[in-house]
Amino acid sequence: MKLIKFLSILSLTLIIILNFNACDETTSTDTNPVIESISPTEGLPGDKVKIYGSDFGEYNQTTSKVYFNNVLAQIATEGKQILWEDDEITAIVPQGATTGDVVVEVDGKKSNGIKFTIPSVDPAKQLMATSIDDKTVKIKWTPSDEESSSNFIGYWLFVYPTNSQPGDYLEIQKGSTNYTIGGLTEGTVYNFDLYAVKNYSGKTLLSQKVTIQWSPATRFITNINDDAIKLYESASTFGSGLKLYDETGGAPKGLKVSSGNEWDLGLYTEGSVIEFGSAKNILQKYSSYTGTTKKVEIASQYIEANSLDEVFDSQALSAKSFSERTFDLAQIQTNKNIVFIVRTNPPSYNYAKVMVLNKGGFLQGNPNNRYIEVIVSYQKVPGVPYAF
Amino acid sequence: MKKLFALFLILTVAFTFSLNSEPPKPLKGKIVSLNDIVGGGTGKVNKEQAQELAEKGNPIVFMVGNGKSAKIYFVYNEDGTFAGKKLAKYANNENVGIIGKIKKVNGLNIIIAETIESMD
């Protein structure tokens with residue numbers, strides 16, 4: 001009888017111990033949360049996603065977290081109730097998240113990951129800009145690879161001064177590769193942010209932005225006398241020099257050697273040489289001139305172009321390699337015009353692009369009064385390295 | 001045969017001469033208002049004034065030299081039209097050069113201008 005009583009007590013003790021152990025297993029904090037599935041598996045920022053699994057525990061504002069490809073998500077609510085249960089969570093796809101794993105973290109312990117796809121749009125590429133005049137900038141780009149998709153809508157362009165925030169956008173049709181923006185102010189640097197746009201389940205989906213900074217600049221096709229801008233050959237009695245912008249006349253001004261101190265650019269011809277370039281270098285070739293010279297620098301690379309409107313840049317002109325230099329136009333074998341990038345008035349610099357016209361040759365006119373004709377795009381505001 | 005040879009010689013000499021000829025020298029002067037000069041002034045006008053005068057049909061002319069030795073030229077385009085409006089554009093220039101044919105008609109100095117250019 002005593003043995004039966006002893007065995008009963010022993011069994012009861014064992015049962016209690018076993019039960020305690022079983023309870024310990026179900027409430028253990030050593031176990032990582034597990035995600036079994038998510039629904040849906042694809043969506044956009046702002047969409048709700050249900051996460052099914054186990055060991056999510058009770059919601060704790062500081063230790064219960066959900067990530068979409070390492071971007072922390074907000075947990076959805078219903079009224080005042082946070083939608084977080086031990087086996088089901090409803091999270092909101094965060095802004096800025098990209099395709100990747102959804103992971104639940106509880107008390108620093110991370111779950112397995114399950115892939116969530118956030119659709120994206122291939123952006124436009126190689127965005128470039130050029131100044132058409134003192135109020136207008138033209139941009140161009142290589143189209144998004146997704147243009148052929150039926151869901152592809154077009155492009156959104158935000159234009160705003162660099163010291164302010166983007167406002168309204170301009171809608172640009174699918175198939176476009178350039179856009180001209182008017183009503184701008186010379187000397188103000190603008191951001192041009194371009195997004196490719198497509199329709200995704202009735203929602204508008206934007207690509208990553210491509211952006212460029214640019215400013216309008218004044219274009220001159222005539223000088224202060226409302227005539228073509230000319231630099232005459234050395235044998236001529238007319239001027240071989242050019243002041244890019246004459247404040248009084250409000251335009252470029254042709255100048256003779258005797259006014260060399262005002263030159264920005266000059267022309268020297270001898271034999272077959274047609275040397276065009278920085279005032280200092282050219283004036284050194286005129287023995288009659290002994291005065292001072294301005295420091296005017298030209299970028300090492302020139303551009304061949306049929307028209308000014310063809311010459312775009314993807315970065316500020318200040319990024320070019322500048323020095324005082326000349327070019328022998330006679331050595332340039334092309335039937336196109338030549339565009340030089342110039343800067344004057346250091347240290348802040350006014351930037352310009354100067355296009356030498358090629359009309360079956362660079363030298364035009366009658367012998368001994370031949371000339372080169374140029375078109376000038378000039379940024380009147382110093383320190384703004386955008387022109388043309 | 002001799003005549004043909006003579007013609008060939010003349011043509012060759014003329015061609016050689018034309019190749020070696022000096023560049024045409026421009027006549028150097030300034031743009032003035034004839035009305036102002038007649039009224040006893042210096043004739044000096046700026047570009048805007050000159051253009052306004054020219055628009056109203058007042059003569060804008062070319063003056064070479066200064067003072068009593070100054071000579072006034074009426075400038076015409078090669079198509080026979082009066083070049084006052086074109087001259088007016090150069091009124092701000094200190095020195096202006098004109099290449100063209102100079103002639104005197106009924107006592108008036110006339111230039112048929114091929115080129116008008118700044119000489120500052």
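Reader: Hi! Can we start with β5(A) and β8(A)? How many bridges join them, and do they run parallel or antiparallel?
Author: Hi! This is a predicted model, and in it 2 bridges join β5(A) to strand β8 of chain A, residues 88-92. The two strands run antiparallel.

Reader: Which residue stands opposite Ile75(A)?
Author: That is Ala91(A), which belongs to β8(A).

Reader: And what sheet do those strands sit in?
Author: They are part of an open sheet of 4 strands in chain A, in the order β1-β2-β8-β5, with antiparallel pairing.

Reader: Which strands stand at the edges?
Author: β1 and β5 (74-75) of chain A do. Each has a single partner strand, so one side of each is left without a neighbour in the sheet.

Reader: Okay, zooming out. How many helices and strands are there in chain A?
Author: Chain A has 2 helices and 32 strands.

Reader: Which domains is chain A divided into?
Author: There is domain 1 (34-116), domain 2 (125-214) and domain 3 (218-378). Between the C-alpha centres of domain 1 and domain 3 of chain A the distance is 65 Å.

Reader: How much of chain A is made up of buried residues?
Author: 37% of the 388 residues in chain A are buried. On contacts, take those in chain A with a separation of 6 or more: residues 24 or more positions apart account for 63% of them.

Reader: Can you show me a pair like that, say with Asn368(A)? How far is it from Glu233(A) in sequence and in space?
Author: Asn368(A) and Glu233(A) are separated by 135 residues in sequence, yet their C-alpha atoms are 7.0 Å apart in space.

Reader: Where does Asn368(A) lie?
Author: You'll find Asn368(A) in the loop between β31 and β32 (371-378) of chain A. It counts as partly exposed because it has 16 C-beta neighbours inside 10 Å, and that class sits between the exposed limit of 12 or fewer and the buried limit of 20 or more.

Reader: New topic: cis peptide bonds. Which residues does the one at Pro40(A) join?
Author: It joins Ser39(A) and Pro40(A), and omega there is about -5 degrees. Pro40(A) is in the loop between β1 (34-39) and β2 (48-54) of chain A. Another cis bond runs from Pro346(A) to Pro347(A), with omega near 5 degrees.

Reader: Where's the place of Pro347(A)?
Author: Pro347(A) is in the loop between β30 (337-344) and β31 (350-356) of chain A.

Reader: What about phi of Asn70(A)?
Author: Phi of Asn70(A) is near 75 degrees, which is positive even though the residue is not glycine. Asn70(A) sits in the loop between β3 (64-68) and β4 (71-72) of chain A. Gln126(A), also not a glycine, has a positive phi of about 50 degrees. Gln126(A) lies in strand β12 of chain A, residues 125-133.

Reader: Why do Asn70(A) and Gln126(A) count as exposed?
Author: Asn70(A) counts as exposed because it has 10 C-beta neighbours inside 10 Å. Gln126(A) has 12, so it counts as exposed too. The exposed class takes in residues with 12 or fewer.

Reader: Now chain B! What joins β2(B) to β3(B)?
Author: 3 bridges link β2 (residues 60-64) and β3 (residues 71-77) of chain B, and these strands run antiparallel. Phe62(B) has Tyr73(B) as its bridge partner. The two strands form a hairpin with 6 residues between them, and in the turn Gly65(B) has a positive phi of about 85 degrees.

Reader: Does β3(B) run parallel or antiparallel to β5(B)?
Author: Those two run parallel, joined by 4 bridges, with β5(B) covering residues 108-118. Here Tyr76(B) has Ile112(B) as its bridge partner.

Reader: Last one: how many residues of chain B are in contact with chain A?
Author: 13 residues of chain B are in contact with 15 residues of chain A. On the chain B side, the largest share, 3 residues, comes from β5(B). That side divides into 5 nonpolar, 4 polar and 4 charged residues.

Key
Residues are numbered from 1 along each chain as its sequence is written. Chains are lettered from A and ligands numbered from 1 in the order in which they are written. This is a predicted model: local features need pLDDT of at least 70, side-chain atom pairs count only at pLDDT 80 or more; totals for chains, interfaces and linings use all residues. Two strands pair if DSSP finds at least two bridges between them. Domain bounds come from an automatic or database domain assignment. Two residues are in contact if their C-beta atoms, placed from the backbone, lie within 7 Å. Ala, Val, Leu, Ile, Met, Phe, Trp, Tyr, Cys and Pro count as nonpolar, Asp, Glu, Lys and Arg as charged, and the others, Gly among them, as polar.
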